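Subject: Structure handover

Hello,

Here is the structure you are taking over. My notes on it follow below.

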Amino acid sequence: MKQHLWFIHGNLQQPTVWDTLSEHLEADYEIHKVNLWTAKQSTFWSWAEDFCNIVTNVGAQQNHHLI
């Protein structure tokens, strides 16, 4: 079972900023690139709650790493 890497881009970036790194890691990890520009939530806290629910639904008993 692969561990999960969750990539979140910076404020002025796009998820593609992680493309090169994720290409090197995808053989060993399940890669998830989060696109903050498509987020529908109006506050950070509502986004964080939704994000945590997504991670839990992907696999609560698996290892997850946030980058």
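Which residues does V34 touch, not counting residues up to four places away in sequence? They are W6, F7, I8, H9, P15, W47 and F51, where contact means heavy atoms within 4.5 Å.

Some ground rules before the rest. This is a predicted model, in which local features need pLDDT of at least 70 and side-chain atom pairs count only at pLDDT 80 or more, while totals for chains, interfaces and linings use all residues. Residues are numbered from 1 along each chain as its sequence is written, and side-chain values use heavy atoms, with hydrogens and water left out.

Overall layout

The protein chain has two helices and three strands, and from the N terminus on they run β-α-β-α-β. Helices (H or I, at least four residues) and strands (E, at least two) are DSSP runs, numbered from the N terminus. The C-alpha trace spans about 35 × 30 × 15 Å along its principal axes. Of the 67 residues, 22% count as buried; buried means under 20% relative accessible area, exposed over 50%, and partly exposed in between (1.4 Å probe, protein chains only). The chain exposes about 5000 Å², and carbon and sulfur atoms supply 54% of that. These areas come from the Shrake-Rupley method with a 1.4 Å probe; for residues, only the protein chains shown count as cover.

The three strands form an open sheet in the order 2-1-3, with parallel pairing. Two strands pair if DSSP finds at least two bridges between them. Strand 2 and strand 3 (64-66) are at the edges with a single partner strand each, so one side of each has no neighbour in the sheet.

Strand 1 (residues 3-8) pairs with strand 2 (residues 29-34) over six bridges. Within this pair, F7 stands opposite K33 and I8 stands opposite V34.

Strand 1 is joined to strand 3 by three bridges, and the bridge partner of L5 in strand 3 is H65. Helix 2 packs on the sheet and touches strand 1, strand 2 and strand 3; its direction makes about 155 degrees with that of strand 1. For such angles, axes are lines fitted to C-alpha atoms, for helices over the stretch in contact, and values run from 0 to 180 degrees between N-to-C directions.

The core

The largest nonpolar core has six residues: W6, V34, W47, A48, F51 and V55. Helix 2 (residues 44-59) gives the largest share of this core, four residues. A nonpolar core here is a set of buried Ala, Val, Leu, Ile, Met, Phe, Trp, Tyr and Cys residues joined through side-chain atoms within 4.5 Å.

L25 lies in helix 1 and is partly exposed, with a relative accessible area of 21%. Leaving aside neighbours within four places in sequence, L25 is in contact with L5, F7 and I31. The C-alpha atoms of L25 and N53 are separated by 24 Å, and these residues are 28 apart along the chain.

Regards
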